[in-house]
Amino acid sequence: MRMTMIEAIQNAHDLAMGADDKVVVFGEDVGFFGGVFRCTAGLQEKYGKSRCFDTPISELGIVGSAIGMAAYGLKPVVEIQFADYVYPAYDQIVSEAARLRHRSGGDFTCPLVIRMPSGGGIYGGQTHSQSPESLFTHVAGLKTVIPSNPKDAKGLLLAAIEDPDPVIFLEPKRLYNGPFDGHHDKPIVPWKKHDLGDVAEDYYTTPLGKAEIVRAGSEVTILTYGTMVHVAQAGATEAGIDAEIIDLRTLIPLDTDTIEASVKKTGRCVIVHEATKTCGFGAELSALVQSSCFFYLEAPVTRVTGWDTPYPHAQEWDYFPGPARVAQNLKKVMEV
Amino acid sequence: MHKDPQPLSLHVPEPGCRPGDAPDFSDFIIPKAGEARKPALDASAQSMRDMAFSIVRVLNKDGKAVGPWAENLSVDQLKTGLRHMMLLRAFDARMLIAQRQGKTSFYMQSLGEEAVSCAFRMALKNGDMNFPTYRQSGLLIAGGYPMQMMMNQIYSNAQDPLKGRQMPILYSAKDYGYFSISGNLGTQYIQAVGWAMGSAIAGDTKIAAAWIGDGSTSASDFHAAMVFASAYHAPVVLNVVNNQWAISTFQGMARGEAATFAARGHGFGIPSLRVDGNDYLAVHAVAKWAADRARAGLGPTLIEHVTYRAGGHSTSDDPSSYRAKGEGHAWPLGDPIERLKTHLIMLGAWSEERQTQAETEIMDEVREAQKAAEAIGTLTSGKSSSSRDIFEEVYAEMPPHLVKQRKEAGY
């Protein structure tokens with residue numbers, strides 16, 4: 001069945017709630033209204049108010065109460081309306097959810113999924129466009145997942161809900177309706193007309209920690225995730241370079257085997273992400289590649305990222321690392 | 001007529017007395033024991049508004065239990081209460097010495113506040129969950145948690161249930177209704193509300209108890225907890241332990257020198273009251289009332305326990321550098337152990353001789369547990385937690401990067 005990413009995420013919630021009555025879903029506007037992006041539409045009606053409900057506007061409250069509920073024995077799946085709003089909950093995520101199993105010697109655990117729309121491309125300015133993944137990947141005890149299409153979004157979300165530990169689930173909001181490739185001046189192909197919008201109706205999981213090679217190639221490896229998976233494909237095509245593109249899907253745990261095998265084959269590596277450059281997840285990937293593939297590298301590892309500035313509003317397309325910037329960097333790497 | 005604006009100045013709250021001053025509690029209004037009324041279980045916050053400004057007290061100065069909050073606790077229950085408080089005090093005394101002897105890195109005692117946690121625990125049922133701070137060890141002692149296990153944790157020895165990962169006294173004991181303590185103040189308050197919401201969602205009968213100190217009520221976690229508890233009528237008892245001091249900062253800072261901590265509940269429509277935290281009977285009665293409310297589906301209750309931190313904040317703290325000398329002795333609500341002892345003597349069920357004898361027996365009991373714990377090891381000697389355990393339980397299943405790092409570390 002063809003689904004948008006929103007429908008796939010809604011469907012994953014629906015199946016998880018149907019399969020396990022311990023699964024509860026809450027957040028700002030997620031109950032009656034079904035979420036500002038509609039990812040929880042119809043769940044309250046189907047499963048009742050005590051399993052899908054609205055919360056006060058308090059991210060700290062949402063995550064803090066979810067930790068208590070998880071410790072009780074439920075499996076909360078909570079929504080932060082925009083990733084940009086997660087910071088009031090950061091202490092609860094970092095000092096509490098991430099550490100509960102370890103600090104209590106396994107006495108208490110925290111099976112919890114924190115979903116949040118992330119990334120730019122919607123003229124959201126600095127408060128509706130951020131990509132804060134590295135703030136979570138830096139924290140021991142968290143898993144961080146970023147899908148790039150409806151099929152994976154459903155399978156990864158169900159795997160995240162099954163996972164016994166806290167999972168940060170970042171949803172690139174620019175991909176909700178179609179595979180945006182960075183060409184903002186052109187209409188996108190809706191998921192309903194795209195193969196990756198073909199989502200099985202049954203319950204299935206996509207394992208956390210497994211990357212996917214979305215395009216095989218021989219000249220250079222592109223490590224990317226989220227919206228940039230599609231931007232990278234456009235960039236490689238436009239540069240006319242035979243790039244192997246890896247959609248990491250899960251940042252922690254990271255599929256280092258797939259990364260290393262690819263870079264050892266191509267000898268070149270370009271990392272593409274929307275988030276700011278310095279201390280972004282690309283820095284980790286770059287360190288990993290240089291230490292594990294050093295003798296195979298024919299060019300320096302290169303990062304194509306957002307600038308180290310706040311995310312702008314009117315100048316969005318000069319900030320966003322679009323296909324032209326990807327293509328330009330690919331060409332540069334090939335010249336070495 | 002326009003006046004020229006005057007320069008503004010910043011008001012910074014300061015306590016009435018500091019070192020060098022005579023201790024002064026003259027502003028502290030203490031209602032007589034027995035004076036506070038006992039509202040119906042389903043009383044609204046509005047109807048008992050005054051109780052956030054009064055103090056529920058049961059034991060009067062003669063040691064008699066008076067007023068509507070005086071319950072019919074049996075002599076055995078009272079003796080058990082006295083024993084719990086004495087155990088906690090003896091335990092604290094031994095562990096303070098152990099810290100000074102270098103057997104552990106750090107310790108925090110409950111001195112002067114024993115009634116709060118010990119009496120409260122007896123009003124809960126097995127299966128209920130506390131989300132404590134570091135000064136409610138009485139919940140474990142009164143809950144029957146083995147003292148040696150507490151010491152194993154304090155010593156981070158080979159039988160520490162937390163495997164050497166946590167600072168001393170940041171216990172976790174799920175089976176004893178004691179949530180893993182965080183060193184980050186206040187975070188547990190909203191978690192307690194979430195746990196209680198979970199119990200309600202599951203159609204369970206268990207309730208939660210949240211704990212926080214006067215100072216940490218300033219943290220946003222406290223306010224989020226109040227919003228959520230009030231919105232969802234969570235079956236939770238919200239405890240604020242006002243022991244007058246947040247390290248060196250007096251309690252007036254956190255409440256802006258206005259109203260009371262209990263009065264914070266009014267803005268959220270939560271029934272709120274204050275209790276004499278050094279009165280075992282009063283704490284027990286108020287705890288029971290609040291727990292019954294939660295269990296009956298009547299929602300949260302805010303309890304401000306008015307008490308005094310008779311010791312330092314921790315072994316790293318010297319209160320003589322910021323508190324007036326003799327302030328502890330001047331504290332008008334007395335000592336919780338002395339007061340319950342006097343009550344038992346007044347009932348004809350106890351004597352000074354038996355108290356002295358009990359002190360010796362209890363100290364022996366604590367020493368025995370200590371000996372057993374030290375036979376396993378302390379932080380600096382014997383068998384300690386394995387460094388291999390650093391890598392375990394970060395996740396349910398160890399991810400490849402941690403397997404690699406553990407190997408690199410040599411385990």
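In chain A, seven strands make up an open sheet of mixed pairing, running in the order S2-S1-S3-S4-S6-S5-S10. Strands here are DSSP runs of E with at least two residues, helices are runs of H or I with at least four, and both are numbered from the N terminus; two strands pair if DSSP finds at least two bridges between them. At the edges sit strand S2 (52-54) and strand S10 (250-252) of chain A, each pairing on one side only. Neighbouring strands of this sheet are turned by 20° against each other on average, direction ignored, with axes fitted as lines to C-alpha atoms and angles between N-to-C directions running from 0 to 180 degrees.

Before going on, please keep in mind that this is a predicted model, in which local features need pLDDT of at least 70, side-chain atom pairs count only at pLDDT 80 or more, and totals for chains, interfaces and linings use all residues. Residues are numbered from 1 along each chain as its sequence is written, while chains are lettered from A and ligands numbered from 1 in the order in which they are written.

Strand S5 (residues 143-145) of chain A pairs with S10(A) in the antiparallel sense, over two bridges. Thr144(A) has Ile252(A) as its bridge partner in S10(A).

Now to chain B, which has 11 helices and seven strands. Its domain assignment, which is automatic or from a database, gives domain 1 (46-315 + 323-380) and domain 2 (386-411). The centres of these two domains of chain B, taken over C-alpha atoms, are 36 Å apart. The radius of gyration of chain B is 22 Å, which agrees with the value near 22 Å for a compact globule of 411 residues; the radius is taken over C-alpha atoms, and the globule rule is 2.2 Å times the number of residues to the power 0.38. Along the principal axes, the C-alpha atoms of chain B fill a box of roughly 75 × 65 × 55 Å.

Finally, how do the chains meet? In total, 36 residues of chain B are in contact with 38 residues of chain A, contact meaning that C-beta atoms, placed from the backbone, lie within 7 Å. On the side of chain B that touches chain A, the elements giving two or more residues are helix H5 (187-201), helix H6 (220-232) and helix H11 (400-409) of chain B. H5(B) gives the most to this side, with 11 residues.

Notes. Two residues are in contact if their C-beta atoms, placed from the backbone, lie within 7 Å.
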